[in-house]
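Have the sequence and the 3D view open as you go through it.

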Amino acid sequence: MTDKKLSGKVAWVTGSGRGIGKEIASHLASCGADVVIHGSSMGSPKAFAEGESLDAVAAGIARQYGVRAMVAVADLTKPEAVKSAADAIRAKFGKIDILVNNAGGDIGSKGVTAPNAGKPAGNDPVNISVEDFNVILNRNLHTCVYACREVAPEMIERKEGWIVNIGSIAGLAGLPGSAIYCTAKAAVHEYTRCLAAMLRPYGVYANVVAPGDTVTERFKASRPMDENRMQTEGSLERYGWPIEIAKTVEFLVTDASSYITGQVIRVDGGKQLWPA
């Protein structure tokens, strides 16, 4: 059984109704944390058949791990919605110890039900539409910044807190096929460094986890899959799995990383081996 090293902590994981976010929330709950399951709509988990509703996901996690779990439905591209969600969390749990900004993705204005699981048409530096450009920036950068701005002050006041922003190895390379997503994630990385510098005097941590190719239901729906990379052991020339991202988040919100802040940690099996 996983050590309950996060007992007494409250973790808000954005975009946690499905995929990597759901795995992160579940894993932090297995470590004893009370968790907040967030999505832009109550039916978010249905998009790729990962659950009936946010309520069902939260109830399942609470039941499995014996923790408290609540649901926050909010459009995090709107600062007022972020504030309302955070206020509701504090009303129930009293505080937010851990913020994991997982909401995001290379998803354009037509949403995840569009072809290729929402990847925009003309998804390059020149031909992407202005609408898709703005949506991707909002979905990945603005949501992260708004949540950090809402939660960091209480962490500063308590002189305790952990922020983990989910970036991407796409933000560490030039990719012609997803240029604005790369740009947004690079901005998340740099924003986190700036945030970490501000929070250092207060003992509050801010780091980035940058996943590589990680198998989720949306990932499988958005591209052709290489069956040779579906293995789970024996080689690092494979896809990653959500639990591997979740365990890295665990590392960054426990005493195991007590002198680490402002870092971008790739979780990509060594796909990128140049300096961040």
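**Helix 4 and its packing partners**

Helix 4 (residues 130-158) runs for 29 residues and spans 41 Å from first C-alpha to last, close to the 42 Å expected at 1.5 Å a residue; the expected span is 1.5 Å times one less than the number of residues. Helices here are DSSP runs (H or I, at least four residues), numbered from the N terminus. Keep in mind that this is a predicted model: local features need pLDDT of at least 70, side-chain atom pairs count only at pLDDT 80 or more, and totals for chains, interfaces and linings use all residues. Residues are numbered from 1 along each chain as its sequence is written, and side-chain values use heavy atoms, with hydrogens and water left out.

**Helix 4 itself**

- Helix 4 bends by about 40° at Asn138 (the angle between axes fitted to the seven residues ending there and the seven starting there).
- Just after helix 4, Lys159 has a positive phi of about 55°.

**Helix 3 with helix 4**

- The axes of helix 3 (residues 79-93) and helix 4 come within 9 Å and cross at roughly 40°; axes are lines fitted to C-alpha atoms over the stretch in contact, with angles from 0 to 180 degrees between N-to-C directions.
- Helix 3 and helix 4 are therefore oblique to each other (under 35 degrees is roughly parallel, over 145 roughly antiparallel, 65 to 115 roughly perpendicular, and the rest oblique).
- On the helix 3 side, Pro79, Val82, Lys83, Ala86, Asp87 and Arg90 meet Tyr146, Ala147, Glu150, Val151 and Glu154 of helix 4, where contact means heavy atoms within 4.5 Å.
- That contact of helix 3 with helix 4 splits into six nonpolar, no polar and five charged residues (Ala, Val, Leu, Ile, Met, Phe, Trp, Tyr, Cys and Pro are nonpolar, Asp, Glu, Lys and Arg charged, and the others, Gly among them, polar).

**Helix 1 with helix 7**

- Helix 1 (residues 19-30) and helix 7 (residues 242-252) have axes that come within 8 Å and cross at roughly 50°.
- Helix 1 and helix 7 are therefore oblique to each other.
- Helix 1 brings Ile20, Glu23, Ile24, His27 and Leu28 to this contact, and helix 7 brings Pro242, Ile243, Ile245, Ala246, Lys247, Val249 and Glu250.
- By type, the contact of helix 1 with helix 7 has eight nonpolar, one polar and three charged residues.

**Helix 1 with helix 2**

- Helix 1 packs on helix 2 (residues 54-65) at about 25°, with the axes 9 Å apart.
- Helix 1 and helix 2 are therefore roughly parallel to each other.
- Lys22, Ala25, Ser26, Ala29 and Ser30 of helix 1 touch Val57, Ile61 and Tyr65 of helix 2.

Key. Helix = DSSP H or I, 4+ residues; strand = E, 2+ residues; numbered from the N terminus.
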